[in-house]
Every structure is written in structure tokens, then in C-alpha cells.
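Take a moment with the picture, then we'll walk through it together.

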Amino acid sequence: MGCIFCNIAEKKLPAKIIFEDEHVVAFEDINPQAPVHILIIPKKHISTILDLKEEDNNLVAHIVKIANKIANDKGIAQRGFRVVTNCNPESGQSVYHIHFHVLGGRHMHWPPG
Ligand code: 5GP
Ligand code: ZN
């Protein structure tokens, strides 16, 4: 019941959390698609990036900053990494609480699948 990522943020569901502050939680993806695959979520429930409001501007900027920090901490910043957010069904969004995938540690292909 309820939102799986809200439950992770509230520690009602376990996750391998690698970073947390007042606004966000970052944890390892349960089904990693690359040697580094971290999800960054806001603690506040927002379903998709289409639902972001003006008041969330600082939150989004903060998430980008945390993505950079994670890439640096994981040693993939200079090699290269990807930050991805899927929005709505055709993108493959499967959890409707916004999350930013930080992927790296292997060569990334383009176009994406
Ligand atoms: P989406 O497909 O919505 O962009 O990404 C959802 C991601 O959440 C997927 O990569 C999936 O593996 C991950 N995921 C789904 N459920 C869980 C969970 O319970 N724990 C963790 N750590 N990751 C999850
Ligand atoms: Zn949620």
C-alpha cells in the first residue's frame, strides 16, 4: 500500500541508502543497470517531473548537486555518467514518485534503449 519511495524515505521499507539530508534520499537501485546505479528521490512526494512547481526549483537544483556529489564519490565523474529521469509510460517510468537515476561505471550507449 502507498508509495514505495515514500516508504523508503520514511524508512518503512529497507534500502541501501548512501546519502540523506533534509530534502533528499539517495539509495542503490534494486535492479542495477550499470556498476553504479543510484536513485535520488525528494522526500516530498511528487509523481512525475510534470508535477514540479516553481517552488520546487531549488529542490531540483539540489538534486543535480547531489548527483554530482555521488558521481564524484563513486569515482565516475571524470570517466562519465548519466543522470536520467523517466516520465510517464512510454519512457518506462514504473514508480510514480520522481527519481533521478545516476548511472555509470561502464560505457553508456546512445540512443538509449
Ligand atoms: P523507473 O523505471 O520508474 O524510471 O525506475 C524505477 C527504478 O526503481 C527501477 O530502476 C527499479 O529497479 C527501482 N526500484 C523499484 N522498486 C525498488 C525498491 O523497492 N527498492 C529499490 N532500491 N529500487 C527499486
Ligand atoms: Zn511517494
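Which residues coordinate the zinc ion (ligand 2)? Keep in mind that this is a predicted model. The zinc ion (ligand 2) is held by Cys3 and Cys6 through their SG atoms, and by His45 and His97 through their ND1 atoms, at 2.0 to 2.3 Å.

Now for the geometry. The angles between the 4 donor atoms run from 104 to 117 degrees, so the arrangement around the zinc ion (ligand 2) is tetrahedral. Along the chain, these donors are spaced as C-x2-C-x38-H-x51-H. Cys3 and His45 link distant parts of the chain, 42 residues apart: Cys3 sits in the segment before helix 1 (4-9), while His45 belongs to the loop between strand 3 (36-42) and helix 2 (57-73).

His45 has 38%, so it counts as partly exposed.

On to the other ligand. Ligand 1 is surrounded by 16 residues, and the closest are Asp29, Asn86, Ser94, His99 and His101.

| Residue | Distance to an oxygen atom of ligand 1 |
|---|---|
| Asp29 | 2.5 Å |
| His99 | 2.9 Å |
| His101 | 2.9 Å |

How much of ligand 1 does the protein cover? On its own, ligand 1 has 520 Å² of accessible area, and the protein covers 83% of that.

Technical notes:
Residues numbered from 1 in each chain as written. Chains lettered and ligands numbered in written order. Predicted model: local features only at pLDDT ≥ 70, side-chain atom pairs only at ≥ 80, totals over all residues. Heavy atoms only, no water. Donors = N, O, S within 2.8 Å, 3.2 Å for Na, K, Ca; no water. Tetrahedral: all angles 85-135°; square planar, octahedral: opposite > 155°, others 65-115°. Helix = DSSP H or I, 4+ residues; strand = E, 2+ residues; numbered from the N terminus. Buried < 20%, exposed > 50% of the residue type's maximum accessible area, 1.4 Å probe, protein only. Near = heavy atom within 4 Å. Polar contact = N/O pair within 3.5 Å; in protein donor to acceptor, adjacent residues only side chain to side chain. Areas by Shrake-Rupley, 256 points an atom, 1.4 Å probe, with all protein chains shown as cover.
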